[in-house]
Amino acid sequence: MSITKPSYYIRFLNLIDALDRINPGKKLDSIEESLLDKIILGFHAKQPLLVGDLISLSEFGSQATLHGRLKNLSAMGYIKMVVNEDGRKKEVVPTKVAIKRYEEISKCLEKAVKAG
């Protein structure tokens, strides 16, 4: 049986796993990761996302589930919910902690590719 080198993606997953082990208190479940990805993409595209927009994403779960996950992300310091100008809606924005997380994930991706 020949041993092949792990693919870039396998190396990347191993690096992400190591990153999660370094920071165990901030481990996200798949729904939280999906929501945070959506929030970061909206932030970089300069498209404001409201709490109502996010809890209506039925492909990620029920409204109650998504609302709970948004509360978790807020409690872990990944997002802030900012009241808009009329005071009736809340915009969800990533914090510096979330932005740093994505910078570290980017470094893991670069490292995985350079190792090959």
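Guide: Welcome! In what follows, helices are DSSP runs of H or I with at least four residues, strands are DSSP runs of E with at least two, and both are numbered from the N terminus. Please keep in mind that this is a predicted model.

Visitor: Thanks! In what order do the elements of the chain run from the N terminus on?

Guide: Start with the inventory: the chain has five helices and three strands. Reading from the N terminus, the elements follow the order α-α-β-α-α-β-β-α.

Visitor: What box do the C-alpha atoms of the chain fill?

Guide: The chain has 116 residues, and buried ones make up 30% of them. Taken along the principal axes, the box filled by the C-alpha atoms is roughly 65 × 25 × 25 Å.

Visitor: What share of the contacts with a separation of 6 or more comes from residues 24 or more positions apart?

Guide: Contact here means heavy atoms within 4.5 Å. Among the chain's contacts with a separation of 6 or more, the share from residues 24 or more positions apart is 60%.

Visitor: Which residue in E3 does Leu49 stand opposite?

Guide: E1 pairs with E3, residues 90–94, in the antiparallel sense over two bridges. Across from Leu49, the residue in E3 is Val92.

Visitor: And which residue in E3 is the bridge partner of Lys80?

Guide: E2 and E3 run antiparallel and are joined by five bridges. For Lys80, the bridge partner in E3 is Val93.

Visitor: In the hairpin of E2 and E3, what is the phi of Gly87 in the turn?

Guide: The hairpin places six residues between E2 and E3. Gly87 lies in that turn, and its phi is positive, at about 80°.

Visitor: Lys46 is not a glycine, so what phi does it have?

Guide: Most residues other than glycine have a negative phi. Lys46 is found in the loop between H2 (30–44) and E1. This residue has a positive phi of about 60°.

Visitor: Is Lys46 buried or exposed?

Guide: The cut-off for this class is a relative accessible area over 50%. With a relative accessibility of 72%, Lys46 counts as exposed.

Visitor: Now the helices. Are H1 and H5 oblique or perpendicular to each other?

Guide: The axes of H1 (residues 8–22) and H5 (residues 96–114) come within 8 Å and cross at roughly 140°. The crossing is right-handed. An angle over 145 degrees would count as roughly antiparallel, and 65 to 115 as roughly perpendicular. H1 and H5 are therefore oblique.

Visitor: How many charged residues does the contact of H1 with H5 have?

Guide: On the H1 side, the residues include Phe12, Leu15 and Asp20, and they meet residues of H5 that include Arg101, Ile105 and Leu109. By class, this contact has 10 nonpolar residues and no polar ones, and the number of charged residues is five.

Visitor: How are H2 and H5 placed, oblique or perpendicular to each other?

Guide: Their axes come within 11 Å and cross at roughly 95°. Among the residues making the contact are Leu36 and Phe43 of H2 with Ile99 and Tyr102 of H5. By class, the contact has six nonpolar, no polar and three charged residues. H2 and H5 are therefore roughly perpendicular.

Visitor: Finally, what separates the C-alpha atoms of Val113 and Ser7?

Guide: Val113 has its place in H5 and is partly exposed, with a relative accessible area of 43%. Along the chain, Val113 and Ser7 are 106 residues apart.

Definitions and conventions
Residues numbered from 1 in each chain as written. Predicted model: local features only at pLDDT ≥ 70, side-chain atom pairs only at ≥ 80, totals over all residues. Heavy atoms only, no water. Pairing = 2+ DSSP bridges. Buried < 20%, exposed > 50% of the residue type's maximum accessible area, 1.4 Å probe, protein only. Axes fitted to C-alpha atoms, helices over the stretch in contact; angles between N-to-C directions. Parallel < 35°, antiparallel > 145°, perpendicular 65-115°, else oblique. Left-handed = near helix turned anticlockwise from the far one by under 90°. Nonpolar A, V, L, I, M, F, W, Y, C, P; charged D, E, K, R; others polar.
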